[in-house]
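Have a look at the sequence and the fold, then read on.

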Amino acid sequence: MSDRDFPLPDHHDPHPERPGSAGEHVLQDAMGTGTRAERFLSDQMSDRLVPSMQEFIARMTMAFVATADAHGECDSTLRAGPPGFLRVLDDRRVAWPEYRGNGVMASLGNITENPHVGLMMIDFTDELIGLHVNGAARLVEDEELRREHPDLPVETVPGRRASVWVEVTVGEAYIHCRKHIPRMVPVDDRRAWGTDDVRRKGGDHFGVAAARKAAAASQEEIDAAQADPRETVRAGAGAPSGE
């Protein structure tokens, strides 16, 4: 463990002229990274999607989406689809369709409480580079977005039909460096879009349901024994007598 005491922001921003939070600025000063941070922000931070960013987004097949609710409780998730499922509407807006999922609505629920979202897109196969897009999101009905953008693709696969779209107005967009991005090789795979088959969706891969089922069964045995003491007597009937 480090003995370093990290300063906490006291709602006073030492560099309000810089992009970012007071917490970032306090730590930049404490750790001596202010000059590096200013250089990066000056060179790489954009408040809109420049043409090269738009092209990058248009060919992505997945994006990581970070949201938080009104209390700051966070969630991070993956959104994926064929190239073009992320739609650049203009240089300030990007949108993606929400496909049929597990019904929890974690990300969409957060957005209804707190519109701030963070998108992370990574090219793992060719350029080994990433793009951050942070901004404010809103939910848009499919019909509404199509009225404004009639060129949106019409999906024929049931599981890929948008129930709603998420539209993000860009606040900031910037590069994620390639230094630690692993190279991956894409493999052709058939997708079970819209399936409710438990096995094809991943099943109980991490064993949570099985563990809870086993715990519930054990608890039922304990409850039954406590409700009927004879169960305890019968359970010990074969024990040797001390008489």
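Which residues have the most contacts inside the largest nonpolar core? Leu49, Leu86, Trp96, Met121 and Val133 do, in a core of 26 residues.

## What you're looking at

This is a predicted model, where local features need pLDDT of at least 70, side-chain atom pairs count only at pLDDT 80 or more, and totals for chains, interfaces and linings use all residues. Residues are numbered from 1 along each chain as its sequence is written, and side-chain values use heavy atoms, with hydrogens and water left out.

The protein has 7 helices and 7 strands; helices are DSSP runs of H or I with at least four residues, strands are E runs of at least two, and numbering starts at the N terminus. Read from the N terminus, the order is α-α-α-β-β-β-β-α-β-β-α-β-α-α. Of the 243 residues, 30% count as buried (buried is under 20% relative accessible area, exposed is over 50%, partly exposed is in between, with a 1.4 Å probe and protein chains only).

Among contacts with a separation of 6 or more, 64% come from residues 24 or more positions apart, a contact being heavy atoms within 4.5 Å.

## The cores

A nonpolar core here is a set of buried Ala, Val, Leu, Ile, Met, Phe, Trp, Tyr and Cys residues joined through side-chain atoms within 4.5 Å. Two or more residues come from each of α3 (51-58), β1 (62-68), β4 (93-98), α4 (106-113), β5 (116-123), β6 (129-140) and β7 (164-176). The largest share, 5 residues, belongs to β7.

Leaving aside residues up to four places away in sequence, Leu49 touches Gln54, Ile57, Val88, Asp90, Asp91, Arg93, Val94, Val133, Val170 and Ala173. There's also a second, separate core of 6 residues, including Val140, Leu145, Leu152 and Trp165. In soluble globular proteins, nonpolar side chains tend to be buried together.

## One side of α4

Which residues are buried in α4? Ser107, Leu108, Asn110 and Ile111 are. They sit on the same side of α4 because they cover an arc of only 160° around the axis, taken from the directions from the helix axis to the C-beta atoms. The cover over these buried residues includes β1, β2 (74-80), β4, β5, β6 and β7.

## Two positive phi values

Most residues other than glycine have a negative phi. Met105, in the loop between β4 and α4, has a positive one near 65°. Leu128 also has a positive phi, near 50°, and lies in the loop between β5 and β6.

Buried or exposed? Met105 counts as exposed because its relative accessibility is 52%, whereas Leu128, at 13%, counts as buried.

## Cysteines and a helix residue

How many disulfides does a search of the whole structure find? The count is 0, with a disulfide taken as a pair of cysteine sulfur atoms within 2.5 Å. Cys74 is exposed at 67% relative accessible area, and Cys177 is partly exposed at 44%.

Finally, Ala37 is in helix α2 (residues 34-44). Its relative accessible area is 17%, so Ala37 is buried. Ala37 and Glu24 are 13 residues apart in sequence, and their C-alpha atoms are 9.6 Å apart in space.
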